[in-house]
Amino acid sequence: MDQMTNAMLELADLDALSKLDSAVHRRHPLVKLLVTIAYIMIVVSFSKDQLSALIPMVLYPVLLFQLSGISMRVCFYKMRFILPLVCAVGIWNPILDRQVVMQLGALSISSGMISFVTLLLKGVFSLMASFLLIATTNIEQICYALSMLKIPDVLVTQLLITYRYISLLLKEAGTMMNAYSLRAPGQKGLHFSAWGSFVGQLLIRSMDRSQNLYQSMQMRGFTGSFYYARESRIQKTDIGYLLGWILFFLLLRYVNLSVLIGNLFV
Amino acid sequence: MIKIENASFGYDKEKKIIPGLSLHIREGEKVGLIGANGTGKSTLLKMLTGLVGHEGSIKVCGLEVEKKNLAEVRKSLGFVLQDSDSQLFMPTVYDDIACGPRNYGMSKEEVEACVDEALERTGISHLKYKENYKMSGGEKRMACIATILAMKPRIILMDEPSIALDPYNRRNLINNLNELPETKLIASHDLDMILDTCDRVILMNHGGIYADGPAEEILTNQQLLEECHLELPFCYQRR
């Protein structure tokens, strides 16, 4: 199977995950979006040396993976391309900041190492929370939640259409790639001399397709906003879910759970 | 129903794709629009829907095709594009069919009724909640037709509806088209399908009307068709 088909299937997998039925899937999309935003904001608010306080924040994604019935392995597999970038963010910290702050037996832990791990965890936790949002909420529901937050229609519609047409773009790229490889026997990938025209052609095809799509939308009375998802009311359990998690995040933000647990054993 | 008087269109003022065309289509007519590649068939359909601008006069259901009337004009026209993937932009068949009625402000119950009726008329009720990307070419084509039927148009415009369909789905499409009572204008190179679905044929050449008459008469005139780089339909070639 070619790479484009693989990419398309992975997108379809995500759609399939969002159609599962679980306590998390059933929550109102706006509530899930707000909890995710709150979680990410609180995670990134930890300073670079607050590693021990940050670690308990893992409880949210871990619990959600359990409640939603989604495997954590799937999450890390889907994030395999972005995780190295997250690691790269603080890669120089251990080298640039060598001030020893802790001694674990013979191992000296520097401040740079701690800040590197903290940055790494912040990135991983945020990605896990984002993954959980899209794996438990389909794109229409996310767009519906965004429109409830009064995000301009033009942005929400663009997000929706872009997501919907990624598969078509991949299909176009796949077709072009197949046509190229049939005329480039024995060659691995796309030769750099063809990159320019390949990207150019893909852009032209995308524009052509987007124009057709827009015409079709115009013909069906499109005036700038979409009907994203079936309207749903926020239930009491949704409010409980939202408040519960936010209080939990705030608790973890201001009380160092790791230290408390550690004190129990010292 | 459709009245075009000296309408013209061109990206370049010097060289018009449609230099000046007049045409009259009456209610209930089933018209085939044929012609070689690049003769302006698709452009003419787009002019009717106001998707491209024009000079001259085009009236659809008594309304002039101009900016202030576009919403009303488009409500009475259902346009099936050549490429189904460009027409289906919602995640499922249901959402796609419901999109038009919702945009025109119909109530939930009306939308539901429109969707069910459109699905029934196209014979794809079983695909109601199917994801668009999981459908075959033939299913997508029928779903495209359902999306426009749900808007209850008075005129149906189609651009190459039988393209890329296998014989079974093509026959299914023809049968469905024949059951639709709406006025139809079908642009196609599939002359056999035009013969099966249309009473009247307009033969286009260089952006103008080269011939206009009963389908049987035009589609059996080998000389006329060859002058426009076309051939007799296959069913006549075999005889």
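**Reading the labels in a predicted model**

User: Why is A:Met148 called partly exposed?

Analyst: A:Met148 has a relative accessible area of 33%. Buried means under 20% and exposed means over 50%, with partly exposed in between.

User: Where does A:Met148 lie, and which residues does A:Met148 touch?

Analyst: A:Met148 lies in helix H9 of chain A. Leaving aside residues up to four places away in sequence, A:Met148 touches A:His28 and A:Leu30. By contrast, A:Val62 is 28 Å from A:Met148, C-alpha to C-alpha, and the two are 86 residues apart in sequence.

User: What makes A:Lys150 count as exposed?

Analyst: The relative accessibility of A:Lys150 is 71%. The label exposed requires a value over 50%, so A:Lys150 is exposed. This residue is placed in the loop between helix H9 (139-148) and helix H10 (153-182) of chain A. The phi of A:Lys150 is near 65 degrees, a positive value in a residue other than glycine.

User: How do you know that B:Lys152 is partly exposed?

Analyst: B:Lys152 has a relative accessible area of 44%. B:Lys152 lies in the loop between H6 and strand E7 (155-159) of chain B. Here too phi is positive in a residue other than glycine, at near 50 degrees for B:Lys152.

User: What makes a group of residues in chain B part of the largest nonpolar core?

Analyst: Such a core joins buried residues of nonpolar kinds, such as Ile and Leu, through side-chain atoms within 4.5 Å. The largest core has 48 residues, and those with the most contacts inside it are B:Ile34, B:Ile97, B:Ile145, B:Ile194 and B:Leu219. Helix H6 (residues 137-149) of chain B contributes the most to this core, with 7 residues. A second, separate core has 38 residues, including A:Met57, A:Cys75, A:Leu132 and A:Phe249.

User: Which residues does B:Ile34 touch?

Analyst: Not counting residues up to four places away in sequence, B:Ile34 touches several residues, among them B:Ile194, B:Val201, B:Leu203, B:Met204 and B:Leu219.

User: How do you know where a cavity is, and how many of 30 Å³ or more are found?

Analyst: Rolling a probe the size of a water molecule over the atoms shows where empty space is left. A search of the whole structure finds 1 cavity of 30 Å³ or more. The largest cavity holds about 70 Å³ of space, and its lining includes A:Leu14, A:Asp15, A:Ser18 and A:Tyr163. Helix H1 (3-18) and H9 of chain A are the elements that each give two or more residues to this lining, and H1(A) supplies the largest share, 3 residues. The lining divides into 5 nonpolar, 3 polar and 1 charged residues.

User: What is the confidence in chain A, and where is it lowest?

Analyst: Chain A averages a pLDDT of 86, and 95% of its residues score at least 70. Confidence in chain A is lowest in H1(A), at a mean of 77, and highest in helix H2 (residues 29-45), at 95.

User: How many helices and strands does chain A have, and what share of its residues is buried?

Analyst: Chain A has 13 helices and 2 strands. Of its 266 residues, 41% count as buried, a label that requires under 20% relative accessible area.

Key:
Residues are numbered from 1 along each chain as its sequence is written. Chains are lettered from A and ligands numbered from 1 in the order in which they are written. This is a predicted model: local features need pLDDT of at least 70, side-chain atom pairs count only at pLDDT 80 or more; totals for chains, interfaces and linings use all residues. Side-chain values use heavy atoms; hydrogens and water are left out. Buried means under 20% relative accessible area, exposed over 50%, partly exposed in between (1.4 Å probe, protein chains only). Helices (H or I, at least four residues) and strands (E, at least two) are DSSP runs, numbered from the N terminus. Contact means heavy atoms within 4.5 Å. On a 1 Å grid over the protein atoms alone, a cavity is a set of points where a 1.4 Å probe fits but cannot get out, and a pocket is an open set with protein on both sides within 12 Å along at least five of seven lines; lining residues have an atom within 4 Å of a point. Grid points are joined across faces, edges and corners, and a volume is the space filled by probe spheres set on the points. Ala, Val, Leu, Ile, Met, Phe, Trp, Tyr, Cys and Pro count as nonpolar, Asp, Glu, Lys and Arg as charged, and the others, Gly among them, as polar. pLDDT is the predictor's confidence in each residue, from 0 to 100.
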